[in-house]
Amino acid sequence: MPQPIVSRVLRPRRAAPADAVRPTRAEVNLEAIRHNLRVVKKHAGRSRLWAVLKADAYGHGAPAVARTLERARCDGFCVALLEEAIELREAGIVAPILIMGGHYGSAHEEVVVRGLVPVVYDLPQIAAFAGLVRTGSVPGPVDVHIKVDTGMARLGVTMQELPTLLGQLAEYPEVRVAGLMTHLACADAPEENETNEAMGRFEQALQLLSAQGIVPEVRHAANSAAILRGSALFDVVRPGIALFGVSPHVGGKSLVRDLKPVMRVRTQIVALREVDAGARIGYGATWKAERRSRIATVPMGYADGLSRHLGNRGHMLVRGARAPIVGAVSMDMAMLDVTDIEGVSVGDEAVVLGAQDGPLGRESIDADEIAAHADLIPWEVLTSISRRVPRFYREP
(Lines give C-alpha, C1' and ligand atoms only; values in the text may rest on other atoms or scores of the structure.)
Protein backbone atom coordinates (compact mmCIF):
# COMPACT_ATOMS: atom_id res chain seq x y z
CA MET A 1 0.00 0.00 0.00
CA PRO A 2 1.63 3.28 -1.04
CA GLN A 3 2.39 5.59 1.86
CA PRO A 4 0.92 9.14 1.80
CA ILE A 5 3.48 11.56 0.51
CA VAL A 6 4.43 14.76 2.25
CA SER A 7 2.75 17.79 0.75
CA ARG A 8 4.96 19.72 -1.65
CA VAL A 9 2.38 22.45 -2.00
CA LEU A 10 2.32 25.22 0.57
CA ARG A 11 -1.03 26.04 2.12
CA PRO A 12 -2.05 29.69 1.68
CA ARG A 13 -1.86 31.82 4.82
CA ARG A 14 -4.23 34.52 5.97
CA ALA A 15 -4.22 37.03 8.79
CA ALA A 16 -5.46 35.36 11.98
CA PRO A 17 -8.06 37.09 14.18
CA ALA A 18 -5.86 36.49 17.23
CA ASP A 19 -3.06 38.46 15.57
CA ALA A 20 -5.25 41.39 14.51
CA VAL A 21 -4.05 44.82 15.59
CA ARG A 22 -5.78 47.05 13.07
CA PRO A 23 -9.53 47.44 13.48
CA THR A 24 -10.00 46.43 9.83
CA ARG A 25 -11.73 43.09 9.55
CA ALA A 26 -14.18 41.00 7.55
CA GLU A 27 -17.08 39.49 9.47
CA VAL A 28 -18.52 36.32 7.93
CA ASN A 29 -22.02 35.21 8.91
CA LEU A 30 -22.06 31.42 8.70
CA GLU A 31 -25.81 31.20 9.25
CA ALA A 32 -26.28 33.31 6.11
CA ILE A 33 -24.23 30.69 4.22
CA ARG A 34 -26.58 27.97 5.43
CA HIS A 35 -29.62 30.07 4.48
CA ASN A 36 -28.28 30.65 0.97
CA LEU A 37 -27.57 26.95 0.57
CA ARG A 38 -31.23 26.22 1.34
CA VAL A 39 -32.35 28.83 -1.20
CA VAL A 40 -30.14 27.37 -3.92
CA LYS A 41 -31.29 23.83 -3.15
CA LYS A 42 -34.88 24.86 -3.85
CA HIS A 43 -33.86 25.85 -7.38
CA ALA A 44 -31.59 22.85 -7.99
CA GLY A 45 -34.34 20.24 -8.09
CA ARG A 46 -32.92 16.75 -7.69
CA SER A 47 -29.37 17.79 -8.53
CA ARG A 48 -26.67 17.40 -5.92
CA LEU A 49 -24.79 20.55 -4.90
CA TRP A 50 -21.03 20.88 -5.14
CA ALA A 51 -20.23 24.33 -3.78
CA VAL A 52 -17.58 26.31 -5.64
CA LEU A 53 -15.04 27.50 -3.06
CA LYS A 54 -12.26 28.72 -5.33
CA ALA A 55 -10.41 31.95 -4.53
CA ASP A 56 -10.60 31.27 -0.78
CA ALA A 57 -14.38 30.72 -1.00
CA TYR A 58 -14.81 33.99 -2.90
CA GLY A 59 -12.82 35.76 -0.21
CA HIS A 60 -14.80 34.41 2.75
CA GLY A 61 -12.25 31.86 3.97
CA ALA A 62 -12.53 28.42 2.43
CA PRO A 63 -11.93 26.15 5.47
CA ALA A 64 -14.59 27.71 7.68
CA VAL A 65 -17.09 27.97 4.84
CA ALA A 66 -16.47 24.37 3.76
CA ARG A 67 -16.91 23.03 7.29
CA THR A 68 -20.19 24.94 7.59
CA LEU A 69 -21.49 23.67 4.26
CA GLU A 70 -20.37 20.10 4.90
CA ARG A 71 -22.29 20.09 8.20
CA ALA A 72 -25.28 21.49 6.29
CA ARG A 73 -25.10 18.43 3.98
CA CYS A 74 -23.60 20.05 0.93
CA ASP A 75 -22.64 17.13 -1.31
CA GLY A 76 -19.19 18.22 -2.43
CA PHE A 77 -16.89 21.08 -3.33
CA CYS A 78 -15.18 22.53 -6.39
CA VAL A 79 -11.95 24.51 -6.42
CA ALA A 80 -9.72 25.88 -9.14
CA LEU A 81 -6.30 24.89 -7.80
CA LEU A 82 -4.65 21.89 -6.20
CA GLU A 83 -3.43 24.19 -3.43
CA GLU A 84 -7.02 25.11 -2.63
CA ALA A 85 -8.03 21.45 -2.47
CA ILE A 86 -5.15 20.62 -0.14
CA GLU A 87 -6.19 23.43 2.18
CA LEU A 88 -9.67 21.93 2.45
CA ARG A 89 -8.37 18.41 3.08
CA GLU A 90 -6.04 19.69 5.78
CA ALA A 91 -9.02 21.49 7.33
CA GLY A 92 -10.70 18.11 7.76
CA ILE A 93 -13.07 18.17 4.79
CA VAL A 94 -13.95 14.63 3.70
CA ALA A 95 -16.58 15.34 1.00
CA PRO A 96 -15.61 15.00 -2.69
CA ILE A 97 -13.42 17.84 -3.94
CA LEU A 98 -13.17 18.51 -7.68
CA ILE A 99 -10.15 20.43 -9.01
CA MET A 100 -11.52 22.32 -11.99
CA GLY A 101 -8.40 24.15 -13.14
CA GLY A 102 -6.91 21.07 -14.73
CA HIS A 103 -3.25 21.95 -14.04
CA TYR A 104 -1.31 19.69 -11.68
CA GLY A 105 2.30 20.37 -12.61
CA SER A 106 4.33 17.47 -11.21
CA ALA A 107 1.85 16.82 -8.38
CA HIS A 108 -0.41 14.23 -10.00
CA GLU A 109 0.41 11.73 -7.27
CA GLU A 110 -0.63 14.15 -4.57
CA VAL A 111 -4.01 14.60 -6.25
CA VAL A 112 -4.71 10.88 -5.97
CA VAL A 113 -3.21 10.30 -2.51
CA ARG A 114 -5.33 13.07 -1.04
CA GLY A 115 -8.51 11.63 -2.51
CA LEU A 116 -9.17 14.53 -4.88
CA VAL A 117 -11.00 14.37 -8.20
CA PRO A 118 -9.05 15.85 -11.12
CA VAL A 119 -10.56 17.49 -14.17
CA VAL A 120 -8.72 16.60 -17.40
CA TYR A 121 -9.05 17.81 -20.96
CA ASP A 122 -6.08 16.41 -22.90
CA LEU A 123 -4.25 13.13 -23.36
CA PRO A 124 -1.02 14.05 -21.50
CA GLN A 125 -3.05 14.65 -18.32
CA ILE A 126 -4.72 11.25 -18.68
CA ALA A 127 -1.40 9.57 -19.41
CA ALA A 128 0.18 11.11 -16.31
CA PHE A 129 -2.47 9.65 -14.00
CA ALA A 130 -2.33 6.28 -15.79
CA GLY A 131 1.43 6.25 -15.38
CA LEU A 132 1.12 6.49 -11.61
CA VAL A 133 -0.98 3.33 -11.53
CA ARG A 134 1.35 1.46 -13.87
CA THR A 135 4.35 2.20 -11.68
CA GLY A 136 2.50 1.22 -8.51
CA SER A 137 2.66 4.70 -7.06
CA VAL A 138 -1.10 4.79 -6.54
CA PRO A 139 -3.89 2.22 -6.73
CA GLY A 140 -6.13 2.30 -9.77
CA PRO A 141 -8.24 3.09 -11.50
CA VAL A 142 -8.01 6.88 -11.06
CA ASP A 143 -11.36 8.62 -11.42
CA VAL A 144 -11.35 11.78 -13.53
CA HIS A 145 -13.88 14.20 -14.94
CA ILE A 146 -13.45 15.22 -18.58
CA LYS A 147 -14.13 18.85 -19.36
CA VAL A 148 -15.53 19.70 -22.78
CA ASP A 149 -15.47 23.15 -24.31
CA THR A 150 -19.02 24.06 -25.30
CA GLY A 151 -18.40 27.70 -26.11
CA MET A 152 -16.12 29.30 -23.52
CA ALA A 153 -12.94 28.62 -25.57
CA ARG A 154 -10.86 28.66 -22.41
CA LEU A 155 -10.22 25.15 -21.09
CA GLY A 156 -11.73 21.85 -22.13
CA VAL A 157 -11.38 19.44 -25.02
CA THR A 158 -13.07 20.87 -28.09
CA MET A 159 -15.91 19.07 -29.79
CA GLN A 160 -13.63 18.55 -32.80
CA GLU A 161 -10.91 16.94 -30.67
CA LEU A 162 -13.21 14.89 -28.45
CA PRO A 163 -13.64 11.84 -30.77
CA THR A 164 -9.87 11.44 -31.05
CA LEU A 165 -9.39 11.74 -27.30
CA LEU A 166 -12.10 9.21 -26.59
CA GLY A 167 -10.65 6.82 -29.16
CA GLN A 168 -7.33 6.86 -27.31
CA LEU A 169 -8.83 6.29 -23.84
CA ALA A 170 -8.75 2.51 -24.36
CA GLU A 171 -4.97 2.73 -24.13
CA TYR A 172 -5.30 3.95 -20.54
CA PRO A 173 -7.54 1.52 -18.63
CA GLU A 174 -5.95 2.80 -15.43
CA VAL A 175 -8.09 5.96 -15.76
CA ARG A 176 -11.87 5.88 -15.38
CA VAL A 177 -14.10 8.64 -16.72
CA ALA A 178 -16.39 9.22 -13.73
CA GLY A 179 -17.72 12.59 -14.84
CA LEU A 180 -18.33 14.94 -17.75
CA MET A 181 -18.49 18.69 -17.24
CA THR A 182 -18.51 21.99 -19.05
CA HIS A 183 -18.50 25.68 -18.17
CA LEU A 184 -21.32 27.91 -19.35
CA ALA A 185 -20.15 31.15 -20.92
CA CYS A 186 -23.48 33.01 -21.05
CA ALA A 187 -25.67 31.66 -18.26
CA ASP A 188 -26.64 35.21 -17.23
CA ALA A 189 -27.35 36.51 -20.74
CA PRO A 190 -30.84 38.01 -21.28
CA GLU A 191 -31.66 35.26 -23.75
CA GLU A 192 -30.76 31.61 -23.28
CA ASN A 193 -29.80 30.92 -26.88
CA GLU A 194 -26.08 30.52 -26.11
CA THR A 195 -26.77 28.25 -23.15
CA ASN A 196 -29.14 26.12 -25.21
CA GLU A 197 -26.48 25.78 -27.91
CA ALA A 198 -23.90 24.84 -25.30
CA MET A 199 -26.24 22.21 -23.89
CA GLY A 200 -26.70 20.83 -27.39
CA ARG A 201 -22.94 20.37 -27.65
CA PHE A 202 -22.84 18.83 -24.18
CA GLU A 203 -25.50 16.29 -25.15
CA GLN A 204 -23.49 15.53 -28.29
CA ALA A 205 -20.43 14.91 -26.11
CA LEU A 206 -22.44 12.51 -23.96
CA GLN A 207 -23.47 10.61 -27.07
CA LEU A 208 -19.85 10.37 -28.19
CA LEU A 209 -18.90 8.95 -24.80
CA SER A 210 -21.78 6.49 -24.94
CA ALA A 211 -20.62 5.26 -28.34
CA GLN A 212 -17.33 4.32 -26.67
CA GLY A 213 -19.15 2.52 -23.87
CA ILE A 214 -18.50 5.32 -21.38
CA VAL A 215 -21.41 6.42 -19.18
CA PRO A 216 -20.29 9.12 -16.70
CA GLU A 217 -21.82 8.82 -13.26
CA VAL A 218 -21.71 12.59 -12.78
CA ARG A 219 -22.70 15.22 -15.34
CA HIS A 220 -22.52 18.90 -14.43
CA ALA A 221 -22.62 22.33 -16.04
CA ALA A 222 -24.81 24.75 -14.07
CA ASN A 223 -23.34 27.72 -12.22
CA SER A 224 -25.35 30.06 -9.96
CA ALA A 225 -27.11 31.86 -12.81
CA ALA A 226 -28.07 28.64 -14.56
CA ILE A 227 -29.32 27.05 -11.34
CA LEU A 228 -31.51 30.02 -10.49
CA ARG A 229 -32.94 29.97 -14.03
CA GLY A 230 -33.53 26.23 -13.92
CA SER A 231 -31.08 25.54 -16.76
CA ALA A 232 -28.56 22.71 -17.23
CA LEU A 233 -29.67 20.83 -14.12
CA PHE A 234 -27.84 17.53 -14.46
CA ASP A 235 -26.62 15.19 -11.71
CA VAL A 236 -24.65 17.95 -9.98
CA VAL A 237 -24.81 21.75 -9.97
CA ARG A 238 -21.99 24.11 -9.02
CA PRO A 239 -23.25 27.18 -7.15
CA GLY A 240 -20.69 29.86 -6.36
CA ILE A 241 -21.58 33.52 -5.95
CA ALA A 242 -25.18 32.82 -4.88
CA LEU A 243 -23.98 30.99 -1.78
CA PHE A 244 -22.34 34.22 -0.68
CA GLY A 245 -25.49 36.29 -0.96
CA VAL A 246 -25.06 37.87 -4.38
CA SER A 247 -27.68 37.10 -7.01
CA PRO A 248 -26.62 37.03 -10.65
CA HIS A 249 -28.48 39.57 -12.76
CA VAL A 250 -30.31 38.96 -16.00
CA GLY A 251 -31.43 41.98 -17.95
CA GLY A 252 -30.47 44.21 -15.04
CA LYS A 253 -32.67 42.35 -12.54
CA SER A 254 -31.68 39.97 -9.75
CA LEU A 255 -32.72 36.39 -10.36
CA VAL A 256 -33.67 35.97 -6.68
CA ARG A 257 -34.15 38.37 -3.78
CA ASP A 258 -34.11 36.07 -0.76
CA LEU A 259 -30.34 35.56 -0.53
CA LYS A 260 -28.55 36.99 2.51
CA PRO A 261 -25.21 38.82 2.33
CA VAL A 262 -22.54 36.80 4.07
CA MET A 263 -19.61 39.20 4.44
CA ARG A 264 -19.46 42.50 6.28
CA VAL A 265 -16.24 44.51 6.04
CA ARG A 266 -15.62 47.18 8.64
CA THR A 267 -12.86 49.36 10.00
CA GLN A 268 -12.61 52.40 12.30
CA ILE A 269 -11.77 56.05 12.04
CA VAL A 270 -8.22 56.54 13.30
CA ALA A 271 -7.78 60.27 12.62
CA LEU A 272 -9.89 63.40 12.09
CA ARG A 273 -8.89 66.82 10.82
CA GLU A 274 -10.42 70.04 9.61
CA VAL A 275 -9.34 71.36 6.22
CA ASP A 276 -10.06 74.79 4.76
CA ALA A 277 -11.98 75.45 1.58
CA GLY A 278 -9.65 74.97 -1.35
CA ALA A 279 -7.52 72.33 0.37
CA ARG A 280 -6.63 69.27 -1.68
CA ILE A 281 -6.62 65.71 -0.40
CA GLY A 282 -4.50 62.61 -1.01
CA TYR A 283 -2.09 61.39 -3.67
CA GLY A 284 -2.34 63.45 -6.82
CA ALA A 285 -4.52 66.02 -5.01
CA THR A 286 -7.57 64.66 -6.83
CA TRP A 287 -10.16 66.07 -4.40
CA LYS A 288 -10.62 69.73 -3.54
CA ALA A 289 -12.66 70.93 -0.58
CA GLU A 290 -15.41 73.28 -1.73
CA ARG A 291 -15.96 74.41 1.88
CA ARG A 292 -14.37 73.95 5.27
CA SER A 293 -14.53 70.18 5.68
CA ARG A 294 -13.96 67.46 8.21
CA ILE A 295 -11.87 64.57 6.91
CA ALA A 296 -11.65 61.14 8.55
CA THR A 297 -8.87 58.64 7.87
CA VAL A 298 -9.53 54.89 8.02
CA PRO A 299 -6.91 52.09 7.92
CA MET A 300 -8.08 50.27 4.82
CA GLY A 301 -6.64 50.69 1.36
CA TYR A 302 -6.25 49.01 -1.98
CA ALA A 303 -3.88 46.40 -0.53
CA ASP A 304 -6.84 45.28 1.59
CA GLY A 305 -9.24 45.13 -1.34
CA LEU A 306 -10.65 48.67 -1.35
CA SER A 307 -10.51 49.46 -5.06
CA ARG A 308 -8.66 52.62 -6.11
CA HIS A 309 -11.59 53.28 -8.44
CA LEU A 310 -13.69 54.13 -5.37
CA GLY A 311 -11.74 57.33 -4.78
CA ASN A 312 -14.10 60.30 -5.20
CA ARG A 313 -16.87 57.85 -6.19
CA GLY A 314 -17.63 55.34 -3.44
CA HIS A 315 -18.87 55.57 0.13
CA MET A 316 -18.48 54.07 3.58
CA LEU A 317 -21.02 54.08 6.38
CA VAL A 318 -20.40 56.08 9.54
CA ARG A 319 -22.97 56.40 12.34
CA GLY A 320 -25.63 55.02 10.00
CA ALA A 321 -25.01 57.59 7.24
CA ARG A 322 -23.06 57.61 3.99
CA ALA A 323 -19.64 59.24 3.99
CA PRO A 324 -18.06 59.86 0.57
CA ILE A 325 -14.59 58.44 -0.04
CA VAL A 326 -12.48 61.45 -1.01
CA GLY A 327 -9.13 61.62 -2.71
CA ALA A 328 -7.19 58.67 -4.04
CA VAL A 329 -7.44 55.41 -2.11
CA SER A 330 -3.95 54.68 -0.75
CA MET A 331 -2.35 51.27 -0.32
CA ASP A 332 -3.20 51.11 3.38
CA MET A 333 -5.61 53.97 4.06
CA ALA A 334 -8.50 55.97 2.68
CA MET A 335 -10.16 59.24 3.62
CA LEU A 336 -13.82 60.13 4.11
CA ASP A 337 -15.68 63.42 4.06
CA VAL A 338 -17.69 63.36 7.31
CA THR A 339 -18.56 67.06 7.32
CA ASP A 340 -22.30 66.41 7.20
CA ILE A 341 -22.31 63.58 9.74
CA GLU A 342 -22.94 64.75 13.28
CA GLY A 343 -20.90 63.55 16.22
CA VAL A 344 -18.13 61.69 14.42
CA SER A 345 -15.24 60.70 16.68
CA VAL A 346 -12.00 58.79 16.41
CA GLY A 347 -12.84 55.14 16.99
CA ASP A 348 -16.19 55.25 15.22
CA GLU A 349 -16.94 52.27 13.00
CA ALA A 350 -16.73 52.71 9.24
CA VAL A 351 -18.45 50.01 7.17
CA VAL A 352 -17.03 49.27 3.74
CA LEU A 353 -19.40 46.43 2.81
CA GLY A 354 -22.60 45.46 4.56
CA ALA A 355 -25.14 47.10 6.84
CA GLN A 356 -24.77 49.51 9.73
CA ASP A 357 -27.22 50.64 12.39
CA GLY A 358 -26.25 53.98 13.87
CA PRO A 359 -27.69 57.00 15.63
CA LEU A 360 -28.44 58.58 12.27
CA GLY A 361 -30.29 55.55 10.85
CA ARG A 362 -29.68 52.27 9.09
CA GLU A 363 -27.81 52.05 5.80
CA SER A 364 -26.16 49.34 3.76
CA ILE A 365 -23.66 49.00 0.93
CA ASP A 366 -23.70 45.78 -1.07
CA ALA A 367 -21.27 44.23 -3.51
CA ASP A 368 -23.38 45.30 -6.47
CA GLU A 369 -23.14 48.96 -5.45
CA ILE A 370 -19.39 48.81 -4.95
CA ALA A 371 -18.99 47.06 -8.28
CA ALA A 372 -21.00 49.75 -10.05
CA HIS A 373 -18.89 52.56 -8.53
CA ALA A 374 -15.59 50.82 -9.24
CA ASP A 375 -16.35 49.46 -12.73
CA LEU A 376 -16.01 45.91 -11.43
CA ILE A 377 -18.29 42.90 -10.99
CA PRO A 378 -19.44 41.65 -7.56
CA TRP A 379 -17.17 38.61 -7.89
CA GLU A 380 -14.15 40.94 -7.93
CA VAL A 381 -15.40 42.93 -4.96
CA LEU A 382 -15.61 39.85 -2.74
CA THR A 383 -12.47 38.07 -3.91
CA SER A 384 -10.41 41.27 -3.66
CA ILE A 385 -10.69 41.44 0.14
CA SER A 386 -7.11 40.42 0.79
CA ARG A 387 -5.75 37.80 3.13
CA ARG A 388 -4.24 40.45 5.37
CA VAL A 389 -7.77 41.37 6.45
CA PRO A 390 -8.62 38.84 9.19
CA ARG A 391 -11.91 36.97 8.90
CA PHE A 392 -14.09 36.79 12.01
CA TYR A 393 -16.77 34.11 11.87
CA ARG A 394 -20.20 34.53 13.42
CA GLU A 395 -22.54 31.71 14.22
CA PRO A 396 -26.27 32.33 14.85
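**Backbone, charges, core and pockets**

Visitor: Where is Pro141 found?
Guide: Pro141 sits in the loop between helix 6 (123–134) and strand 6 (142–147). One thing to keep in mind throughout: this is a predicted model.

Visitor: Noted. Is the peptide bond from Gly140 to Pro141 cis or trans?
Guide: That bond is cis, and its omega is near -5 degrees. Most peptide bonds are trans, and most residues other than glycine have a negative phi.

Visitor: OK, phi then. What is phi of Arg73?
Guide: Near 70 degrees, which is positive although the residue is not a glycine. Arg73 belongs to the loop between helix 3 (62–71) and strand 3 (76–79).

Visitor: Is Arg73 buried or exposed?
Guide: Exposed, because its relative accessibility is 69% and the cut-off for exposed is over 50%.

Visitor: And what about phi of Ala153?
Guide: Ala153 has a positive phi too, near 60 degrees, and is likewise a residue other than glycine. Its place is the loop between strand 6 and helix 7 (162–168). With a relative accessible area of 65%, Ala153 is exposed.

Visitor: Switching to charges. How many salt bridges does the count come to?
Guide: The count is 24 salt bridges. Side chains of opposite charge can pair when their charged atoms come close.

Visitor: Start with Glu90. Which residue forms a salt bridge with Glu90?
Guide: Arg114 does, with 3.4 Å between the closest N and O atoms. Glu90 is in helix 4 (residues 82–90) and Arg114 in the loop between helix 5 (108–113) and strand 5 (117–120), so the pair ties together parts 24 residues apart in sequence.

Visitor: Is Arg114 buried or exposed?
Guide: Buried, since its relative accessible area is 18% and buried means under 20%. Glu90 is partly exposed, at 39%.

Visitor: What does Arg294 pair with?
Guide: Arg294 forms a salt bridge with Glu274, and their closest N and O atoms are 3.4 Å apart. This pair also links distant parts of the chain: Arg294 is in strand 16 (residues 293–298) and Glu274 in strand 13 (residues 271–275), 20 residues apart. Arg294 is partly exposed at 26% relative accessibility, and Glu274 is partly exposed at 43%.

Visitor: What about Glu31 and Arg38?
Guide: Their side chains meet in a salt bridge, 3.2 Å from N to O. Glu31 counts as partly exposed at 23% relative accessibility, and Arg38 counts as partly exposed at 43%.

Visitor: Which residues are linked in a network of salt bridges?
Guide: One such network links Arg22, Asp304, Asp332 and Arg388.

Visitor: Now the inside. How many residues has the largest nonpolar core?
Guide: It has 124 residues, and Leu53, Leu69, Phe77 and Leu336 have the most contacts inside it. Helix 1 (residues 30–44) gives the largest share of this core, 7 residues.

Visitor: What is Leu53 in contact with, leaving aside its neighbours within four places in sequence?
Guide: Its contacts are Ala62, Val65, Ala66, Leu69, Phe77, Cys78, Val79, Leu88 and Phe244. There is also a second, separate core of 7 residues, with Trp287, Ala289, Ile295 and Met335 among them.

Visitor: Pockets next. What volume has the largest pocket?
Guide: About 510 Å³. Its lining has 22 residues, and those nearest its centre are Lys54, Tyr58, His183, Asn223 and Trp379. Two or more lining residues come from each of helix 2 (54–58), helix 9 (224–229) and helix 11 (378–383). Helix 2 gives the largest share, 3 residues.

Visitor: How do the residues of that lining divide?
Guide: For the largest pocket, 13 are nonpolar, 5 polar and 4 charged.

Visitor: And what is the volume of the second largest pocket?
Guide: About 370 Å³. The second largest pocket is lined by 22 residues, and Gly245, Val246, Pro261, Asp366 and Asp368 are the closest to its centre. Strand 20 (349–358), strand 21 (361–365) and helix 10 (367–374) each supply at least two lining residues. The largest share, 3 residues, is from strand 20.

Visitor: What is the lining of the second largest pocket by class?
Guide: It has 12 nonpolar, 6 polar and 4 charged residues.

How values were computed. Residues are numbered from 1 along each chain as its sequence is written. This is a predicted model: local features need pLDDT of at least 70, side-chain atom pairs count only at pLDDT 80 or more; totals for chains, interfaces and linings use all residues. Side-chain values use heavy atoms; hydrogens and water are left out. A salt bridge is a side-chain nitrogen of Lys or Arg within 4 Å of a carboxyl oxygen of Asp or Glu. Buried means under 20% relative accessible area, exposed over 50%, partly exposed in between (1.4 Å probe, protein chains only). Helices (H or I, at least four residues) and strands (E, at least two) are DSSP runs, numbered from the N terminus. A nonpolar core is a set of buried Ala, Val, Leu, Ile, Met, Phe, Trp, Tyr and Cys residues joined through side-chain atoms within 4.5 Å. Contact means heavy atoms within 4.5 Å. On a 1 Å grid over the protein atoms alone, a cavity is a set of points where a 1.4 Å probe fits but cannot get out, and a pocket is an open set with protein on both sides within 12 Å along at least five of seven lines; lining residues have an atom within 4 Å of a point. Grid points are joined across faces, edges and corners, and a volume is the space filled by probe spheres set on the points. Ala, Val, Leu, Ile, Met, Phe, Trp, Tyr, Cys and Pro count as nonpolar, Asp, Glu, Lys and Arg as charged, and the others, Gly among them, as polar.
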